[in-house]
Amino acid sequence: MIGIRDLSKEFDHQSLFKGLNLNIVKGSVVAIIGPSGSGKSTLLRCMNGLEVFSRGSVSVNGLKLYGVLERDYNRGQESIIIKNIRRKVGMVFQQFHLFPHMSVLHNITVAPIHVLGVQRAEAETDAISLLMKVHLEEKAKKYPGQLSGGEQQRVAIARALVMKPEAMLFDEPTSSLDPEMIAEVLQVIKELVSEGMTTVIATHEIAFARDVSTHVVFLDKGEIVEQGSPQAIFFNPQNDRTKAFLSRFMK
Ligand SMILES: Nc1ncnc2c1ncn2[C@@H]1O[C@H](COP(=O)(O)OP(=O)(O)OP(=O)(O)O)[C@@H](O)[C@H]1O
Ligand SMILES: [Mg+2]
């Protein structure tokens, strides 16, 4: 579903990714773990056309983006490809990024109406059923400022789902939440995963990653140090860097 080949990316002339490869299979749940600054967010952003990269390619369901040094392959087509990739892949951020001046319902319906051309009545019906799915049907008329962080994040998930994505990317969706709200957001993600949604999640919630993922990627300094089943990575890590990272969570 998502294929990353030989991805290279620099920030300010400093290499972050030096030829990274990763395959994300349809229906899988991939947890990306690793220390702060290891490149988790940047990797997710590359999958969604939010970040340019110098070399390599990222392909999402056959839509392929190339590094800027290799753009001759799809010259002039990047913006169309990016637009199509974003329709197929929903993204949820650590900070919810809801529109503060729009009601919950309006936040969820604005893109289907204006981007996909869906009729308002249909978009609202979809929005209400998604609000039920994230257990917030009674909040449709509220504004983001009137909701808790956990509720705002669940609205952000509904807003991504209304575009009927084929995959969802979550970038530390619970790390700006108070502890009592983390469970409700993880529960919603868990339900989504159980319906077979292809999911990539950068997370510090090691127990959650262990419980819901089908594949774990340990990233350090822009490099995939180790990847495998949750069983292998969490219970039998091979690399010393993986072991050192995980030991912080196993106290
Ligand atoms: N816009 C930017 N300009 C310059 N450097 C950047 C930029 N964005 C990220 N970086 C650098 O790239 C590296 C990877 O950052 P990234 O945000 O992807 O890490 P992360 O694994 O998501 O970290 P965290 O767990 O703290 O969210 C870091 O060294 C960071 O300083
Ligand atoms: Mg990050």
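β9 and β10 form a hairpin with two residues between them, and Lys221 in the turn has a positive phi of about 50 degrees. Helices (H or I, at least four residues) and strands (E, at least two) are DSSP runs, numbered from the N terminus. This is a predicted model: local features need pLDDT of at least 70, side-chain atom pairs count only at pLDDT 80 or more, and totals for chains, interfaces and linings use all residues. Residues are numbered from 1 along each chain as its sequence is written, while chains are lettered from A and ligands numbered from 1 in the order in which they are written.

**The six-stranded sheet**

- Six strands make up an open sheet with mixed pairing, in the order β6-β7-β8-β3-β9-β10. Two strands pair if DSSP finds at least two bridges between them.
- β6 (89–92) and β10 stand at the edges with a single partner strand each, so one side of each has no neighbour in the sheet.
- On average, neighbouring strands here are turned by 15 degrees against each other, direction ignored. Axes are lines fitted to C-alpha atoms, for helices over the stretch in contact, and angles run from 0 to 180 degrees between N-to-C directions.
- β7 (residues 167–171) and β8 (residues 198–202) run parallel, joined by five bridges. Leu169 has Val200 in β8 as its bridge partner.

**Strand β9 and its partners**

- Strand β9 spans residues 215–220 and is mostly covered, with five of its six residues buried. A residue is buried if 20 or more other C-beta atoms lie within 10 Å of its own, exposed if 12 or fewer, and partly exposed in between; C-beta atoms are placed from the backbone.
- Strand β3 (residues 29–33) runs parallel to β9, and four bridges join them. Ile32 stands opposite Val217 in β9.
- Strand β10 (residues 223–228) pairs with β9 in the antiparallel sense, over five bridges. Val216 has Gly228 in β10 as its bridge partner.

**The four-stranded sheet**

- A second open sheet has four strands in the order β2-β1-β4-β5, with antiparallel pairing.
- β2 (14–24) and β5 (63–66) are its edge strands, and each pairs on one side only.
- From one strand to the next, the twist averages 20 degrees.
- Eight bridges link strand β1 (residues 2–11) to β2 in the antiparallel sense. Ser8 has Lys18 in β2 as its bridge partner.
- Helix α1 (residues 40–47) packs on this sheet and touches β1, β2 and β4 (55–60). The direction of α1 makes about 125 degrees with that of β1.
- Helix α2 (residues 78–88) lies across β4 and β5, at about 125 degrees to β5.

**Helix packing around α3**

- Two packed helices are described by the angle between their axes and the distance between the axes.
- α3 (residues 104–116) and α5 (residues 149–161) pack at about 25 degrees, with axes 8 Å apart. The pair is therefore roughly parallel. Angles under 35 degrees count as roughly parallel, over 145 as roughly antiparallel, 65 to 115 as roughly perpendicular and the rest as oblique.
- α3 and α5 cross in the right-handed sense. A crossing is left-handed if the near helix is turned anticlockwise from the far one by less than a right angle, and right-handed if clockwise.
- Val104, Asn107 and Ile108 of α3 make the contact with Val155, Ala158 and Arg159 of α5. Two residues are in contact if their C-beta atoms, placed from the backbone, lie within 7 Å.
- The α3–α5 contact residues divide into four nonpolar, one polar and one charged. Ala, Val, Leu, Ile, Met, Phe, Trp, Tyr, Cys and Pro count as nonpolar, Asp, Glu, Lys and Arg as charged, and the others, Gly among them, as polar.
- The axes of α3 and α4 (residues 120–133) come within 9 Å and cross at roughly 130 degrees. That makes α3 oblique to α4.
- The crossing of α3 and α4 is right-handed.
- From α3, Leu105, Ile108, Thr109, Pro112 and Ile113 meet Arg120, Ala123, Glu124, Asp126, Ala127 and Leu130 of α4. The residues of this α3–α4 contact divide into seven nonpolar, one polar and three charged.

**Glu166**

- Glu166 sits in the loop between α5 and β7.
- Glu166 is partly exposed, with 16 other C-beta atoms within 10 Å.
- Leaving out residues up to four places away in sequence, Glu166 touches Asn61, Lys88 and Thr198.
- Glu166 and Asn61 are 105 residues apart along the chain, and their C-alpha atoms are separated by 9.0 Å.
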